[in-house]
Amino acid sequence: MIDYAFPGLLNYWIVFLLMMIGLYIVIAHENLIKKIVGLNVFQVSVFVFYISMAKIKGGTAPILADSIEVYSNPLPHVLILTAIVVGVATTALGLALVVRIQESYDTIEDDEIRDIEERSD
Amino acid sequence: MNIEIITSDALNVMTLLFMAVTAIAIARIRNLFAVVMLSGIYSLMGATLYVILDAVDVAFTEAAVGAGASTVLMIGTLALTSANENATPNKQTIKALIACTLIGFALVYASFDMPLFGDPNAPIHNHVVPRYLNDSMAEIGLPNVVTSILASYRGYDTMGEAFVIFTAAVGVIALIGRGRREKSANENMADANNVMKRKIVLRVVSKLLIPFILLFGLYVQWHGDFGPGGGFQAGVIFGAAFILYGIIYGLGTLRKALPAWLTRWLMALGVLLYACTGVVSLIKGASFLDYNVLASTPTGGQHIGILLVEFGVGMTVFASIVTIFCAFAGRAAADVNKVSAKQRSAGHD
């Protein structure tokens, strides 16, 4: 008999905690690189959320073999696998924008950029 | 109750808690170099967690991409910007904390409607997935179900993802790939200044490692149908070998081995190969990306089709990662030269 009470919903709750830390970094910090790291933290937590849902207790990796009966769900794995690589590509694009912002404004702090913009208006 | 299940659950929760601690450290530390390294560790723990949760293909990708490639790119950005962030005003911090706490509680409230972790009767396991698990061996003929879904059942999605990566790399080239540097002269000068020239251990060890990394990349590419692996992972691993070469021996040397035009062509050829595989099956009278008609038997056709599109994905991912790295590194080299030129002229004055 397999007991589903542990971790139960606890897994999802820790994932929510990770998501909120990521969101907090994105809203509360002015530094653009820190914001991108925050987005990464959020992104990985969403990945973990998907993979947590795909897990079946007592299951194994979805590579077919004769001796195995229970496989975890392969569909979220596919979605997240591609999302990770797309994630790094878009992160690179974001970082490239940060580099250009640094070159134009000589700072990557959001509030300082806003000040410069207001003064030039 | 099975001891294996208990250990895997305990490991699962502990890894998640470690990730939470790392994330809090990322939020609190203001030295951006430390933050970037911590975010690499965070990704690596994510990869560990995916292994515990049976997602071996995903773990592979996360370890290569999250912990490897994106950390390198972020350090490259730090070299071009600054390594410290300003303190955030307190008022803003409190507002953000309140907002995040509220959203967090809303999510926890919503989670009460979710099936428990590991429940085999959850709705997510009961629609299309039984078909993949039961019939994919007869329809596709590959043991790795993740590869079957990725390249065949959901081939459209994957083509879209490959195009997103291609587009992102083109965007990076457009933003920082050109301009502000007088090309190869700069790269050579940066090589001469390269501190890595003096690190003999790194040079020797990397020389030993790179062939094996490349070999492993090829294995992951061509064995992805039977074990964990495939084009996405192989592309990143292959790219990582060249990035390592570039870091240790300098951008100019890397560009001699792998010229800029070549990576740009490979980037486009990869997605073209993917799309052309679809067009060939159209010409042969089936629907777009239906590989059954590519060979005399349906499973034979599936094998050829999957091999081709995975190769296309691998090519695009590899070329895009290397192109993106070179764009950042080239920018940094130009920057170093500008600074040293400034210092020199200041010295003359």
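**Figure 1. Lining of the second largest pocket in the predicted model.** The second largest pocket is lined by 22 residues, and those nearest its centre are Ile21(A), Tyr24(A), Ile24(B), Ala27(B) and Leu97(B). The model shown here and in the other figures is predicted. Two or more lining residues come from each of α1 of chain A, α1 (3-28) of chain B and α4 (90-111) of chain B. Of the elements, α4(B) gives the most to this lining, with 8 residues. The pocket holds about 560 Å³ of space. Sorted by class, its lining has 14 nonpolar, 6 polar and 2 charged residues.

**Figure 2. Contact between chain A and chain B.** Chain A brings 85 residues to the contact, and chain B brings 100 residues. The residues of chain A that lose the most area to chain B are Lys55(A), Leu64(A) and Leu81(A), which together make up 8% of what the chain A side buries. The size of an interface is often given as the accessible area lost when the parts come together. For chain A and chain B the buried area is about 8300 Å², and carbon and sulfur atoms give 77% of this area.

Figure 3. The side chain of Lys55(A) forms a salt bridge with that of Asp54(B), at 3.0 Å from N to O. On the side of chain A that touches chain B, the elements giving two or more residues are α1 (10-28), α2 (32-54) and α3 (74-105) of chain A. The most comes from α3(A), with 26 residues. By class, the residues on this side of chain A are 59 nonpolar, 17 polar and 9 charged.

**Figure 4. The largest cavity and its lining.** By the rule used, the model has 2 cavities of 30 Å³ or more. The volume of the largest cavity is about 130 Å³. Its lining consists of 17 residues, and Asn40(A), Gln43(A), Ser43(B), Glu62(B) and Gly66(B) lie nearest the centre. Both chains take part: α2 and α3 of chain A, together with α2 (32-52) and α3 (56-80) of chain B, are the elements that give two or more residues to the lining. Among the elements, α2(A) gives the most, with 6 residues. The lining of the largest cavity divides into 8 nonpolar, 8 polar and 1 charged residues.

**Figure 5. The second largest cavity and its lining.** The second largest cavity has a volume of about 30 Å³. From chain A, Leu81(A) lines this cavity. Leu81(A) is also among the residues of chain A that lose the most area to chain B. From chain B, the lining includes Asp57(B), Val146(B), Thr147(B), Leu150(B), Gly229(B), Gly230(B) and Gln233(B). Helix α6 of chain B, which spans residues 145-153, gives the most to the lining, with 3 residues. By class, the lining of the second largest cavity has 3 nonpolar, 4 polar and 1 charged residues.

Conventions: Residues are numbered from 1 along each chain as its sequence is written. Chains are lettered from A and ligands numbered from 1 in the order in which they are written. This is a predicted model: local features need pLDDT of at least 70, side-chain atom pairs count only at pLDDT 80 or more; totals for chains, interfaces and linings use all residues. Side-chain values use heavy atoms; hydrogens and water are left out. Contact means heavy atoms within 4.5 Å. Buried area is the accessible area (1.4 Å probe) that two parts lose on being put together, summed over both. A salt bridge is a side-chain nitrogen of Lys or Arg within 4 Å of a carboxyl oxygen of Asp or Glu. Helices (H or I, at least four residues) and strands (E, at least two) are DSSP runs, numbered from the N terminus. Ala, Val, Leu, Ile, Met, Phe, Trp, Tyr, Cys and Pro count as nonpolar, Asp, Glu, Lys and Arg as charged, and the others, Gly among them, as polar. On a 1 Å grid over the protein atoms alone, a cavity is a set of points where a 1.4 Å probe fits but cannot get out, and a pocket is an open set with protein on both sides within 12 Å along at least five of seven lines; lining residues have an atom within 4 Å of a point. Grid points are joined across faces, edges and corners, and a volume is the space filled by probe spheres set on the points.
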